[in-house]
Amino acid sequence: MNVSVLTFKAWCDVQKINLRPAPNENRGGIVTKYLYVQKCFPDLHMTDDCNDPNLNAFLLIEPMFIEKEWREKLEMLKKHQGVKLLWAEEQTVIRWDPERRTQIFAAMDGLVACNLYQKQLIEVIAGKLPVYVLRSPIPELVPPQQKRDKRVIVVSKLGLQKNAEAIIEVFKYLPAHIEKVFIGNAGLWGSPSYLYDLTLEEQMKDAADIHITNASLIEVAEKLTTTSIYLSMTIYDVGSLAFLEAAMAGCTCMCWDYHPMYDEYESVIRFKDANEAIKIIEERLAHPTTIDNAMRNEIIQKHSPQQFITALQALFLEVYFYAKQKT
């Protein structure tokens, strides 16, 4: 495939899929994205060198990589004669100051979002640049199980941005026979964003039956594949790898209807507040549960490695068609 991915080298070490993150090590969803890309396509050219002589004609660039020493990196990328696209998974490009955004965007041929919601956000600042969608690939790390435990699981950074207070409220009032599991900690992005996040971490220890602060991606997958319900009440994300992992594992996915990120997934169960979430969970877990094939199949159709290849090829054609229309 005539594609290169420009990102941090440390984010492409596929062995990290099997390793627990160290304390204060940056291991959020954005890192997981590139681990999964590398897992699905080990032969894909991934580099952290803007002067790499082996850069392919089609270049996907991580915004968090290009924003560090961005002036120097843009000068190096001017030598690249192919197509350059920013491939965003979160809010970095939206947070850039106007000068940096203007100059980086001017060096690009387009912007790539991870879903339809993010595409809408980026189009506001894209100017004349086209905005495309390329959904991240989600490998099946552990085969899903048909029978499911009466368990609700949340996989997330623990903090205000993720609406952890609402998760704690749901956990506190669910019946004792339903297992409540939280995987994550306040320093998932390298360090706690707010001092209060540490307070929330202490509260989660009391609310959850099991609080796993550090887990490898394999360990998370093993837990998801026997879990009935994955729960999300985030107010922050523009893309959620944890949601996609849970859906691929066959969990029923319950997501707060406040957040439009989940609107494009028809099999998601929506709820308006903690009380409604508790009611739905109790009703669904009053009976034996099995794999959610509808949710899983939808993720396979949109995020499987094979679908990623198809989407990447389609992106090629769309970019070249747009370039031809401009000339």
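Reply: Happy to. A word on the ground rules: this is a predicted model, in which local features need pLDDT of at least 70 and side-chain atom pairs count only at pLDDT 80 or more, while totals for chains, interfaces and linings use all residues. Residues are numbered from 1 along each chain as its sequence is written, and side-chain values use heavy atoms, with hydrogens and water left out.

H7 and H11 are oblique to each other, because their axes cross at roughly 45 degrees. (Under 35 degrees counts as roughly parallel, over 145 as roughly antiparallel, 65 to 115 as roughly perpendicular, and the rest as oblique.) H7 covers residues 164–173 and H11 covers residues 274–284, and their axes come within 9 Å. On the H7 side, Glu169, Val170 and Tyr173 make the contact, and H11 meets them with Ala274, Ala277, Ile278, Ile281 and Glu282. (Contact means heavy atoms within 4.5 Å.)

Asn163 has a positive phi of about 60 degrees although it is not a glycine. Most residues other than glycine have a negative phi. Asn163 counts as buried because its relative accessibility is 16%. (Buried is under 20% relative accessible area, exposed over 50%, and partly exposed in between, with a 1.4 Å probe and protein chains only.) Glu69 also has a positive phi, of about 55 degrees, without being a glycine, but Glu69 counts as exposed, at 58% relative accessibility. Its place is the loop between helix H2 (63–66) and helix H3 (70–77).

S7 itself pairs with S8 in the parallel sense over five bridges, with Lys180 of S8 as the bridge partner of Val152. (Two strands pair if DSSP finds at least two bridges between them.) Because four of the five residues of S8 (residues 179–183) are buried, this strand is largely enclosed by the rest of the structure.

Next, the open sheet of six strands. Its order is S2-S1-S3-S4-S5-S6, with parallel pairing. S2 and S6 (131–133) stand at the edges with a single partner strand each, so one side of each has no neighbour in the sheet. From one strand to the next, the twist averages 30 degrees. Helix H6 (residues 116–123) packs on the sheet and touches S5 and S6, its direction making about 170 degrees with that of S6.

S1 (residues 3–6) has Val3 and Val5 pointing one way, Ser4 and Leu6 the other, and all are buried. Four bridges pair S1 with S3 (residues 58–61), and Val3 has Phe58 as its bridge partner in S3. S1 is also joined to S2 (residues 45–47) by three bridges, where Ser4 stands opposite His45. Further along, S4 (residues 83–87) pairs with S5 (residues 110–113) over three bridges, and Leu86 has Leu111 as its bridge partner.

The largest nonpolar core has 61 residues, and Phe58, Leu60, Leu85, Phe243, Leu312 and Leu315 touch the most other members. (Such a core is a set of buried Ala, Val, Leu, Ile, Met, Phe, Trp, Tyr and Cys residues joined through side-chain atoms within 4.5 Å.) Beyond four places in sequence, the contacts of Phe58 include Val3, Val83, Leu85, Leu312 and Phe316. Another core of 29 residues lies apart from it, with Phe171, Met204, Ala207 and Ala208 among them.

One last stop is helix H1 (residues 29–40), which holds Gln38. Gln38 is buried, at 17% relative accessible area. Leaving aside neighbours within four places in sequence, Gln38 is in contact with Cys12, Val14, Leu44 and Met46.

Definitions and conventions:
Helix = DSSP H or I, 4+ residues; strand = E, 2+ residues; numbered from the N terminus. Axes fitted to C-alpha atoms, helices over the stretch in contact; angles between N-to-C directions.
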